Amino acid sequence: MRRIIYFRVAGRDVHMPKLIGSFIIFAAFLMFVQASAAMFDSWDNLKYYDSCIQRIDGDASLSDQRLSFNSCAETLHRSTGIVVREESARLTVRQFWFGLLGPIASILFWLAVLFIGMNLYRTGDLIIPIEETIREVPDEPIRSFRRKK
């Protein structure tokens, strides 16, 4: 025999989970927008670094070239945290993805928090079906235990 039990998380009169859910949705949405802006900013800074390195004049003196490179590298370091060495001015693939994967992961995290907030907001409508299986067991006679003498 099977029975299905419906488990309701909150009743229609309980408003506290909805209030908490709405605050989580609002905060997660703002942080999602901020993380999206940070991702696009990182992308723009990585593109700016490549164009900045290409603008360094090869005919200029070595000190002027180093000064221009240090300016480009400092801008990239302040915006993304990537450190570029002087011996290889170009970004490696690992450095490029290091600059982008952090903001992308942040976007996905805040998107997951947004969905959690939406589920919490809908707790009045959330019903979880739980299946219960009942097995009939035949009655066995109760044995009495005797002491050995």
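Mentor: Gladly, and keep in mind that the model is predicted. A helix here is a DSSP run of H or I with at least four residues, numbered from the N terminus. Asn 45 has its place in helix 1.

Trainee: Why is Asn 45 called buried?

Mentor: Buried means under 20% relative accessible area. Asn 45 has 14%, so Asn 45 is buried. Leaving out residues up to four places away in sequence, Asn 45 touches Leu 76, Ser 79 and Thr 80.

Trainee: How do you know that helix 1 is roughly antiparallel to helix 2?

Mentor: The two helices pack at an angle of about 170 degrees, with their axes 10 Å apart. Angles over 145 degrees count as roughly antiparallel, and therefore helix 1 is roughly antiparallel to helix 2.

Trainee: Which residues of helix 1 and helix 2 meet?

Mentor: From helix 1 they include Ser 42, Asn 45 and Tyr 48, and from helix 2 Thr 75, Ser 79 and Thr 80 are among them. The residues of this contact divide into 9 nonpolar, 5 polar and no charged.

Trainee: What makes up the largest nonpolar core?

Mentor: It has 12 residues in all, including Leu 46, Ile 53, Phe 69, Cys 72, Val 84 and Leu 100. Helix 1 (16-54) and helix 2 (62-80) are the elements that give two or more residues to this core. Membership needs buried residues of the nonpolar kinds, joined through side-chain atoms within 4.5 Å.

Trainee: And what does Ile 53 touch?

Mentor: Not counting residues up to four places away in sequence, Ile 53 touches Phe 69, Cys 72, Ala 89 and Arg 90.

Key. Residues are numbered from 1 along each chain as its sequence is written. This is a predicted model: local features need pLDDT of at least 70, side-chain atom pairs count only at pLDDT 80 or more; totals for chains, interfaces and linings use all residues. Side-chain values use heavy atoms; hydrogens and water are left out. Buried means under 20% relative accessible area, exposed over 50%, partly exposed in between (1.4 Å probe, protein chains only). Contact means heavy atoms within 4.5 Å. Axes are lines fitted to C-alpha atoms, for helices over the stretch in contact, and angles run from 0 to 180 degrees between N-to-C directions. Angles under 35 degrees count as roughly parallel, over 145 as roughly antiparallel, 65 to 115 as roughly perpendicular and the rest as oblique. Ala, Val, Leu, Ile, Met, Phe, Trp, Tyr, Cys and Pro count as nonpolar, Asp, Glu, Lys and Arg as charged, and the others, Gly among them, as polar.
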